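Dear colleague,

I am passing on the structure we spoke about, with the sequence alongside. Below it you will find my notes on what turned up when I went through it.

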Amino acid sequence: MKSRISRRALLASAGILAGISITAPSLSSAAKERGKQNKKLTPGLTPIRQAINIRRNGSESPDDMIRRIRESGYTAVKGARHAGGNVGEPWNSMNTAERREVVAACRKYDIIIYEVGGYTNLVTPDDQALKRNLQRLVHCMEVAESVECPMVGTVAGCRDPRYLINVHPDNWSPETWKLLVRSVRQVLRDTSGMKVCLGMEAQVTTIVDGPRAHKRLMEDVGDDRIKVNLDPVNMISLHNYYQSTELIEECFDLLGEDILGCHAKDSYILPDQQTVLVQEVCPGKGVLDYETYLLRMSHLKWPRALEPEHIPDEEYPEAKEHIRQVASRVGVKLYK
């Protein structure tokens, strides 16, 4: 006699085969669970520094540039990189004296340089390109050290030589992981004696795609200078889209004080489409649980920077205001 398979069992098995959880919570149930968890969280004593990408307006002096940023309400900056860069712009375009002026102005106006961008492909299949990428990343570490910045941000990269974060069938192979570990170790070895750390940023399309991969990388590299440049939105997929609270909790539980800087944006799935496109949008325009994000940041031992990124220039004030409003609502202090 043939056994009957219920519709529920059939759907569940189909969901497993597709890699999608049939029992994923709806937005309303996820919101309820988020509310329950937030009630258990109380704000910590550590303030959050609001950060922005550093930019010179015309020919303004380093002092004028930093003063303008401070008067706009920001207390941390990231060194930008030019298009196609990996060479730490605008630091690379400044002479030694100008860099010193920037450092002096940051001290004067109580601003920290929390990150120098060094994003490059650490696992490209092109051996010559990999050699150049590692050299450029070492250069970024040297630049960061010269401006007293504690971290150079980067990503793992991918096996597609055309870009940094493309999906590729070999991205999650054991060989790719071994190459990543070797690349990171080489950069840290080539910058031995420096204080600056390498802050790995997760990207869901690469082998460092979440908090557990972050943790494993630090363990496998075995060097105190491999840290975390936290970006929860980069870890979002359809699978955990409505579970950002749990994702953020896992990030801080696993990574804690190894988080040296944080990025701010939001996750939004484009509606009315047959396939899924998870977009980066301005903080407050998506589903990321900013209450939990800020509350957990406030429990770290010293103030971390939180920088909105990858949004149109005109939306940065909106992003800054959203963070301020959430912080006020949950009782988290912003660095003044």
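In helix α10, which covers residues 316-330, Arg-324 and Glu-321 are 3 residues apart and therefore separated by about one helical turn. Their side chains form a salt bridge, with the closest N and O atoms 2.6 Å apart. Arg-324 counts as partly exposed at 37% relative accessibility, and Glu-321 is likewise partly exposed at 31%. Elsewhere, salt bridges that share partners join Lys-78, Asp-231, Lys-265, Glu-280, Glu-307 and Glu-309 into one network. Please bear in mind while reading that this is a predicted model, in which the count of salt bridges comes to 24.

A pair within one helix is also found in α7 (residues 211-221), where Arg-216 and Asp-220 are 4 residues apart, which again means a separation of about one helical turn. The side chains of Arg-216 and Asp-220 meet in a salt bridge at 3.3 Å, N to O; Arg-216 is partly exposed, with 43% relative accessibility, and Asp-220 is partly exposed as well, with 28%.

Which parts of the chain does the salt bridge between Asp-253 and Arg-296 tie together? The two side chains meet at 2.9 Å, N to O, and since Asp-253 lies in helix α8 and Arg-296 in helix α9, the pair ties together parts that are 43 residues apart in sequence. Asp-253 is exposed, with a relative accessible area of 57%, whereas Arg-296 is buried, with 15%. The axes of α8 and α9 (residues 290-297) come within 9 Å and cross at roughly 15°, so these two helices are roughly parallel to each other, and the crossing is right-handed.

Leu-238, in the loop between β6 (226-230) and α8 (244-255), is partly exposed at 41% relative accessibility, and together with Val-276 and Val-278 makes a nonpolar surface patch of about 220 Å². Asn-57 is found in the loop between β1 (49-53) and α3 (62-71) and counts as partly exposed at 45% relative accessibility. The C-alpha atoms of Asn-57 and Arg-68 are separated by 9.7 Å, the two residues being 11 residues apart along the chain.

Definitions and conventions: Residues numbered from 1 in each chain as written. Predicted model: local features only at pLDDT ≥ 70, side-chain atom pairs only at ≥ 80, totals over all residues. Heavy atoms only, no water. Patch = residues over 30% accessible without salt bridge, like charges linked within 9 Å, V, L, I, M, F, W, Y side chains within 5 Å. Areas by Shrake-Rupley, 256 points an atom, 1.4 Å probe, with all protein chains shown as cover. Salt bridge = Lys/Arg side-chain N within 4 Å of Asp/Glu carboxyl O. Buried < 20%, exposed > 50% of the residue type's maximum accessible area, 1.4 Å probe, protein only. Axes fitted to C-alpha atoms, helices over the stretch in contact; angles between N-to-C directions. Parallel < 35°, antiparallel > 145°, perpendicular 65-115°, else oblique. Left-handed = near helix turned anticlockwise from the far one by under 90°.
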